[in-house]
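My entries are below the display.

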Amino acid sequence: MSEATTPLMGQYRKLKGELPPGTLLFFRLGDFYEMFYDDAIEASRLLDLTLTKRQQVPMCGVPHHAAELYLAKLIKAGKKVAISEQMEEPSAGKGLVRRDVVRIVTPGTVLEEQVLDAHLHNYLAGLCCADGVFGLAMLDLSTGEFWIEQFTSAAALGDALARGAPSECVVPESLRENAELAALFPAGGPTLLSVREDWTFEPDFVADLLLRHFKVYSLDGFGCAGQQLAVRAAGAVLHYVTDELRRNASHVRALHVKTSADFLVIDEGTVAHLDLVPTRSAAAGAPTLLGVLDKTVTPMGGRLLRDWLLRPLARRAAIVARQDTIEALTRDRALLHDLTAQLAEIRDLERVIARLGVGGGNARELQALARSLAALPGLRALLAAQPAGGLLAENAGAITPLPELVDLISRAIVDEPPLAIKEGGMIRRGYHPELDELLTLATAGRQWLADFQAREQERTGIKSLKVRHNNIFGYYIEITKSNLAATPTDYIRKQTMVNAERFITPELKEYENKIVGAQDRATALEYELFVQVRDAAVLQTAAIQRSAAAIAQLDVLGALAERALALGYVRPRITEGDAILIRDGRHPVVEQLAEAERFVPNDVLLDGTANQLIIITGPNMAGKSTYIRQVALLVVMAQMGAFIPAAEAEIGVVDRVFTRVGASDDLARGRSTFMVEMQETANILHNATAKSLIVLDEIGRGTSTFDGISIAWAVAEHLHNQVKAKTLFATHYHELTDLALTLRGVKNYNVLVRESGDRIAFLRRIVPGAADKSYGIHVARLAGLPDGVIGRAKEILANLEEGEFGDQGQPKLARPRKGKAGDSKNQLAFF
Ligand SMILES: Nc1ncnc2c1ncn2[C@@H]1O[C@H](COP(=O)(O)OP(=O)(O)OP(=O)(O)O)[C@@H](O)[C@H]1O
Ligand SMILES: [Mg+2]
């Protein structure tokens, strides 16, 4: 019988055949997980394992105790891995051991600590669309967070996907053909697409599944009315996890609905343009606003700060509530200090309870849970005196210390438990009398063996006589060949080796039964006791998740207060009016750059009337881009509820921030520089409202000057007349400053420079009025262009300023100023 047709391989192929396509199978064989055929070839490459062959079948394997590590590597490589186990103890004569797939791990559902980033959510997304409505569900199985949102455009959906950055997305089969959605998931992108049959998204099927999962009569309690498509996506996601992947999702306790109206909407491009958080395309380690603000001390806080940054608020009351709390913390530095110190004791409660809940946790995680929970009474006490109605009191109230659980865990689990849960060593002496007895017996047994060996050495006079153990026949006595003559007659021979013989005695075997039995029974009992304690913890999942959410908020508020104090931020006045008024504002990220010059603060005044559209001109390198981004950043920070780098500020809440900044090719999606620029501009014109803030940096730059000016002019007019959004517009087209002559809401500003001879000094001050010159050639000189080129550029500039053609119809552009005709002929070829 060849290997490929053995019953074992038949079993392998059956399990493999039931898996979703592309899933690697870890096939449990004794102490190893083996992989066969193509799985083996691929895994050996990804894991750097030796590929062997068992009768023509390619094979490789990983030891079961190190499986997590290998699993982590495969998941990071974007693979799905099914784990099969032996479902019964192997025993002689019983034939093939039953095996089954117990769970499938995918990038969007991984819980292993080695794969997860403590400061990032790991989302599994689900999509469902019909009639121009796009439903999105996002599940973070590692924390139990589950939320849905609906959109009316693919672009808005794309922004939400970019914010959440799911590692995997479940889509119905019929959507695979949808070009609009396909564009959201470029091939080779970071999101693994898991295509599922359409029926798993059907309304009736999904409703039934969700009601059963959440054990409720109706989803209305979650605020899901009118969220049909998002609910369908949510149901399909849950079905995928529990049914297809055979995973436990019992710690997923609620479904939250996100509504765009409550939040300041920031699109994907703006997140990148403003450097809010590190993005995949940005250089690693590039400075971001998150980098400046993140002084959180818990993983939950780190994740929440990121959420706050990408989803600032749009309702004044909610913003003010956060501000009040931050202000209270900045006023009471002792409280802030103690709060931070106490929070720092708390581990990743959300992920610990999630892992324990799905049966994956170990005794170390129980210990981490107990220690974190033990810090909670102190935290509550610290905040006990805070005024009711504020976020400090509210969050303190949501913290549930669970002292009985802490007590149980500390009594049951040793201080430094091992990682393994089936090898004993976890349970404290004194916790369970029967376990203590078994352990005493096991220890006594080991002593008895040592005594027995000494006794037999004495009796036989063989000094080298040893009592040893192997898995085949347990304990035995070994006597070397040279001493065989002295073997007593009551020894029973078991095995002959090259240099020695092995014996047993009835006494030895009798004792062995006791020892081995005691050790095994103790280990089994330890596991049972561990499971009991774990179950007791899992019963408290809801309370622990509530505490974790409160801790996350306290952590973020504390971090923002610390930043306010350390970096000299102030509390902006938040209004429902139209004005944005900032005195001495600073760019939060640029001002922190170590190598930068001293940062010069600037003011801004924007409103819905006379200062609605601001045109900023000024030399290259003067600081235009920095300034307009700074205004957008300060608004984002203010609406997060944070304090901002300024002397004082009044911020009328905006509904969306748009940016169109710089030129960026998007070769991956096959769009040219100018195409990207125009698409982003179109998005702004379609979606901005009178409540929006728009930052435009040199639009029209990517094409010919006249086309560019015309487009820029028309866009500015449209924004001023139709959209009426507050707009900052930096440009080198001085022609645009004439807009102020005809449009009431347009104001010109420029950035001051001091010119002395050939040199310019950048003053970084924004002042009213239009700039007169670009100083591009000055900056080119600063950048190190050769003197010859600079000189020639000056000539051409002078020609340009005079007009285009000479009397003979020759382009004046190329005319040499100081009579070097020959040169200019050669130059002509370039134009
Ligand atoms: N207010 C400021 N205080 C100190 N340094 C500043 C300030 N504003 C800008 N800078 C520095 O000046 C540099 C150039 O600024 P920025 O890119 O905003 O110029 P720009 O006017 O947009 O130039 P270009 O026209 O070439 O796009 C920045 O990298 C920054 O380090
Ligand atoms: Mg610029």
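**Method.** I worked on a predicted model, in which local features need pLDDT of at least 70, side-chain atom pairs count only at pLDDT 80 or more, and totals for chains, interfaces and linings use all residues. Residues are numbered from 1 along each chain as its sequence is written, chains are lettered from A and ligands numbered from 1 in the order in which they are written, and side-chain values use heavy atoms, with hydrogens and water left out.

**Domains.** I took the bounds from the domain assignment, which is automatic or from a database. It lists domain 1 (3–105), domain 2 (124–258), domain 3 (294–402 + 540–566), domain 4 (433–531), domain 5 (569–779) and domain 6 (785–828). Between the C-alpha centres of domain 1 and domain 3 I noted 42 Å.

**Cores.** I looked for nonpolar cores, meaning sets of buried Ala, Val, Leu, Ile, Met, Phe, Trp, Tyr and Cys residues joined through side-chain atoms within 4.5 Å. Buried is under 20% relative accessible area, exposed over 50%, and partly exposed in between, with a 1.4 Å probe and protein chains only. The largest core has 126 residues, and L276 and L369 touch the most other members. Helix α20 (residues 541–567) gives the most to this core, 13 residues; helices here are DSSP runs of H or I, at least four residues, numbered from the N terminus. I then listed contacts of L276 (heavy atoms within 4.5 Å). Leaving out residues up to four places away in sequence, L276 touches, among others, I266, V271, L309 and V636. A second, separate core holds 44 residues, including L15 and L141.

**Rings.** I paired rings of Phe, Tyr and Trp (its six-membered ring) with centres within 6.5 Å, calling planes under 30 degrees apart stacked, over 60 edge-to-face and the rest tilted. The count by this rule is 12 aromatic pairs. F26 and Y33 make a tilted one, 5.5 Å centre to centre with 35 degrees between the planes. F26 is buried at 1%, and Y33 is buried at 7%. W448 and Y511 are stacked, with 4.1 Å between centres and 5 degrees between planes. This pair links distant parts of the chain, since W448 is in helix α18 (residues 433–460) and Y511 in helix α19 (residues 506–538), 63 residues apart. W448 is buried at 14%, whereas Y511 is partly exposed at 23%. Ring pairs also join Y12, F27, F36 and Y37 into a cluster.

**Charges.** I counted a charge over a ring if NZ of Lys or CZ of Arg is within 6 Å of the ring centre and within 35 degrees of the ring normal. K258 lies over the face of W147, 4.5 Å from the ring centre. K422 has its charged end over the ring of Y527, 5.1 Å from the centre.

Conventions:
Helix = DSSP H or I, 4+ residues; strand = E, 2+ residues; numbered from the N terminus.
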